[in-house]
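Thanks for passing this one along. Here are a few notes to read beside the model.

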Amino acid sequence: MGRSLKSGQWLQFIQLIWHWLSRHAQYWLTRLKSRPDSADYLTWRHQFLQKRLRLGLWLALFWQSLVSAEGLYSVLFEFERLRAVAFSTYGDASISERWRVASIVYYLSAVVILLACAIGQKTIWGRRYPEALFLLFACSLSSLTHIIFTFVSLPETPPSLLFLIFAVLVPVHWRLHVIYQAVAIAYYAIFYPITGLATLEYAKIRNLYSRELIIQLACACSISILSVYLYERLKRSPARLN
């Protein structure tokens with residue numbers, strides 16, 4: 001009798017918890033469900049993305065040109081110093097040879113891609129599809145290093161600081177931010193282990209998968225995407241479209 005009473009109480013308690021969770025889950029799903037965006041908001045977001053993309057492209061082209069010029073000077077005219085650093089740090093001077101080739105390709109490719117994006121945003125296609133241009137811009141900066149350095153077996157970490165910079169510069173289209181960040185992180189978390197680059201001595205010395213780095217990436221991704229999402233949600237109010 002006592003056991004049946006206890007089992008009945010437990011069943012009633014579980015039902016109460018289930019109903020409470022169901023009500024709250026339905027409430028939050030209703031709150032988070034995206035409503036159809038107004039025409040005014042879509043027009044504002046399109047124009048805002050065009051302006052910020054134009055600003056970001058020219059800023060990126062300016063700073064990348066400076067970085068590329070300094071980097072090319074280092075690998076071309078100060079290579080012996082880089083060899084000494086590679087040998088003292090990794091115990092293998094041949095790393096500097098591979099790093100030199102990959103760096104030259106990266107510095108030149110980055111400037112060319114940014115210049116092409118800057119010219120492309122002035123075309124009819126660029127003005128009509130700034131979302132595609134933004135993805136090309138963001139993916140080229142966040143994943144170009146990984147792709148080029150993969151060919152010389154030198155894995156690199158995702159640029160967590162760049163995620164935050166893009167969130168400040170272009171705080172709209174949070175789904176696009178998810179896409180380009182997912183591409184960079186998937187290359188780092190999936191492609192490197194599959195191809196064996198994660199097991200190289202170079203990757204172990206650099207602590208490519210350290211807890212600190214993973215926590216840093218998780219924080220940068222969550223903060224950047226959440227901030228863009230909240231900014232868009234704030235701007236969806238008709239009174240704030242300015």
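1. First, the ground rules. This is a predicted model in which local features need pLDDT of at least 70 and side-chain atom pairs count only at pLDDT 80 or more, while totals for chains, interfaces and linings use all residues. Residues are numbered from 1 along each chain as its sequence is written, and side-chain values use heavy atoms, with hydrogens and water left out.

2. The largest pocket holds about 640 Å³ of space. Here a pocket is an open set of points on a 1 Å grid over the protein atoms alone, where a 1.4 Å probe fits, with protein on both sides within 12 Å along at least five of seven lines. The volume is the space filled by probe spheres set on the points, which are joined across faces, edges and corners.

3. Its lining has 23 residues, and Gln 64, Tyr 106, Leu 141, Pro 159 and Leu 162 lie nearest the centre (lining means an atom within 4 Å of a point). Elements giving two or more residues to this lining are α2 (39-77), α4 (94-120), α6 (130-150) and α7 (160-169); helices are DSSP runs of H or I, at least four residues, numbered from the N terminus. By class, the lining has 15 nonpolar, seven polar and one charged residues (Ala, Val, Leu, Ile, Met, Phe, Trp, Tyr, Cys and Pro count as nonpolar, Asp, Glu, Lys and Arg as charged, the others, Gly among them, as polar).

4. How do α7 and α10 (residues 211-235) cross? Their axes come within 9 Å at roughly 10 degrees, which makes α7 roughly parallel to α10. Axes are lines fitted to C-alpha atoms over the stretch in contact, with angles from 0 to 180 degrees between N-to-C directions; under 35 degrees counts as roughly parallel and over 145 as roughly antiparallel. The contact (heavy atoms within 4.5 Å) includes Phe 163 and Leu 164 of α7 and Leu 217 and Ile 223 of α10.

5. With α8 (residues 174-195), the axis of α7 comes within 11 Å and crosses at roughly 170 degrees, so the two are roughly antiparallel. By class, this contact has seven nonpolar, two polar and no charged residues.

6. Do look at Arg 45, which forms a salt bridge with Glu 232, the closest N and O atoms being 3.4 Å apart (the cut-off is a side-chain nitrogen of Lys or Arg within 4 Å of a carboxyl oxygen of Asp or Glu). Arg 45 lies in α2 and Glu 232 in α10, so the pair ties together parts 187 residues apart in sequence.

How values were computed
Angles under 35 degrees count as roughly parallel, over 145 as roughly antiparallel, 65 to 115 as roughly perpendicular and the rest as oblique.
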